[in-house]
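Here's a quick briefing on a ligand site and the domains around it.

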Amino acid sequence: MKPKLVVFTGAGISAESGIKTFRDSDGLWEEFNINDVATPQAWNKNKALVLDFYNKRRKQVLEAKPNNAHQALVTLEKKYDVHIITQNIDDLHERAGSKKVLHLHGEIIKSRSTTDSSLIYPIKGMELNIGDRCTRGSQLRPHIVWFGEQVPEMENAYLIAEKADIFMVVGTSLAVYPAAGLIDYTPRGIPKYLIDPGDVKVNGITNLTIIKEKAGIGLSMLAEKLLASTT
Ligand code: OAD
């Protein structure tokens, strides 16, 4: 059986594809106020503004392409049972060819019903607009987890992390919980790697190797090393 490699990714892995991160100096949360565009209250107050924010994000994602970091994770599937748990709402892991991808914070290319959260649809084209309705006649919203909402996939993520043989963290500031706490659910003794060009605060994590590089170069190097290792 292949060793289980669990990879926890954030906005930094898509930065080299031209998608802005959230908390870097030129990040999205410098330009927009979370409370205006990414909460249930924002949706209740001004649906058009929220839809416009995510329509712009969707356009950027559809125009972007996977980069070397996404590709490096695909090559690791030759030798590892790779499970990606991503906070990203883009589909660049899937488009690169990764087979097992769990989205914690939703998916920008999908919409869901505002009355029945099990009704999820692919969005055709770039935009979701006022008047776009589910099969039961309710307004559709972006299939995104907003601040203040539950993270329905968290339990599944814990179950995957608990069984990891190797754990990687790539391109996340680890600022948003519960997602950021995932590393605490990994087995103590396993090797862990963190790839990020910035200073990410991690305390009390055993067996952690920090690779202070951008994801493209950092992950390519690490993938080469892991593919060459005999264990
Ligand atoms: P952040 O913007 O908080 O953090 C991005 C991280 O990527 C930082 O640690 C950067 O140093 C790093 N970074 C920048 N360029 C990089 C590169 N080329 N290669 C690797 N790393 C790079 O983004 P997240 O941690 O993903 O949630 O944010 C978590 C959540 O907060 C998001 O899922 C989103 C956001 O608000 C929701 O919208 C619910």
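A polar contact here is a pair of N or O atoms within 3.5 Å; within protein, one must be able to donate a hydrogen and the other to accept it, and residues adjacent in sequence count only if both atoms are side-chain atoms. This is a predicted model, so local features need pLDDT of at least 70 and side-chain atom pairs count only at pLDDT 80 or more, while totals for chains, interfaces and linings use all residues. Residues are numbered from 1 along each chain as its sequence is written, and side-chain values use heavy atoms, with hydrogens and water left out.

- Asp196 puts a polar side-chain atom 2.6 Å from an oxygen atom of the ligand.
- On the backbone side, a polar atom of Phe22 is 2.7 Å from a ligand oxygen atom, and an N or O atom of Gly12 lies 3.3 Å from a ligand nitrogen atom.

**The shell**
- There are 24 residues around the ligand, and Phe22, Arg23, Thr172, Ser173 and Asp196 come nearest (a residue is near if one of its heavy atoms lies within 4 Å).
- Sorted by class, that shell has ten nonpolar, nine polar and five charged residues; Gly counts as polar, and Asp, Glu, Lys and Arg as charged.

**Domains**
- The protein splits into domain 1 (1–17 + 65–105 + 151–231) and domain 2 (20–63 + 107–144), with bounds from an automatic or database domain assignment.
- Their contact (heavy atoms within 4.5 Å) takes 14 residues from domain 1 and twelve residues from domain 2.
- The C-alpha centres of domain 1 and domain 2 lie 25 Å apart.
- Why does the ligand lie between the domains? Both domain 1 and domain 2 give residues to its shell.
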